[in-house]
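Dear colleague,

Please find the structure below for your records.

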Amino acid sequence: MLLVAMVFLLASCKKEEEKEKKANTDLYCEINAGPYAYYSGTPVITEGLGGAHGFMKVRFNSVAQTALDSSGKLPTGSAFPNGSVIVKEVYNSLGGGLQLYAVMKKENWNEYAGSSWLWGEYRPGGEVVFSVAKKGNGCISCHSSPDHRDLTKVFDLH
Ligand code: HEC
């Protein structure tokens, strides 16, 4: 009986693991699923606001772009639609190499969503640095600081 329970537990852990792995792979694949456009405020590598990451560029997929106004910003008080993907490319320095991708995807129905977004971080080769299964725990508190727009921060920059 105990053995059956243990086998069942192991099998369900394995299933969770597979599900988490797939969710991370899906989000990682979004990084290269264009077309993307860079935020007008970060056309080149730009020094960030001193948050979690240093030098960076931010880009929006086509769904996210539909929410931006003519100045390239999300209007205050509005929200990105489901399917929006925002990628922050993090660099070593102003002229440096790509170090990390920080990714947000609006998918409010997803079981891994934290405050309606999926949150993940990856090395350029795909290694998971911050799993979607954490549901943005460690991201959201900072991203909901004053002046955020639908939990995004880059529009504070300029
Ligand atoms: C200490 C504050 C802080 C934490 C923690 C943080 N961020 Fe950010 N994030 C920022 C700031 C500030 C920006 C605006 C660009 C910049 O200055 O780097 C930003 C920008 C971004 C962007 C571009 C879209 C936007 O919001 O403007 C993504 C994607 C992102 N962060 C993902 C993440 C993920 C994923 C995590 C958690 C693993 C995380 N961030 C944790 C402060 C933070």
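**Findings**

Among contacts in the protein between residues at least 6 apart in sequence, 44% join residues at least 24 apart; two residues are in contact if their C-beta atoms, placed from the backbone, lie within 7 Å.

This is a predicted model, in which local features need pLDDT of at least 70 and side-chain atom pairs count only at pLDDT 80 or more, while totals for chains, interfaces and linings use all residues. Residues are numbered from 1 along each chain as its sequence is written.

The protein has three helices and seven strands, in the order α-β-β-β-α-β-β-β-β-α from the N terminus. Helices (H or I, at least four residues) and strands (E, at least two) are DSSP runs, numbered from the N terminus. The C-alpha atoms fill a box of roughly 65 × 35 × 30 Å along the principal axes.

Of the 158 residues, 27% are buried, meaning that 20 or more other C-beta atoms, placed from the backbone, lie within 10 Å of the residue's own. Strand S4 (residues 85–91) is largely enclosed by the rest of the structure, because five of its seven residues are buried.

Strand S4 also pairs with two strands, pairing being defined as at least two bridges found by DSSP. Strand S3 (residues 55–61) runs antiparallel to S4, with six bridges joining them, and Phe55 stands opposite Tyr91 in S4. Strand S5 (residues 98–106) is likewise antiparallel to S4, over seven bridges, and Lys88 stands opposite Ala102 in S5. Six residues lie between S4 and S5, which form a hairpin.

Conventions:
A residue is buried if 20 or more other C-beta atoms lie within 10 Å of its own, exposed if 12 or fewer, and partly exposed in between; C-beta atoms are placed from the backbone.
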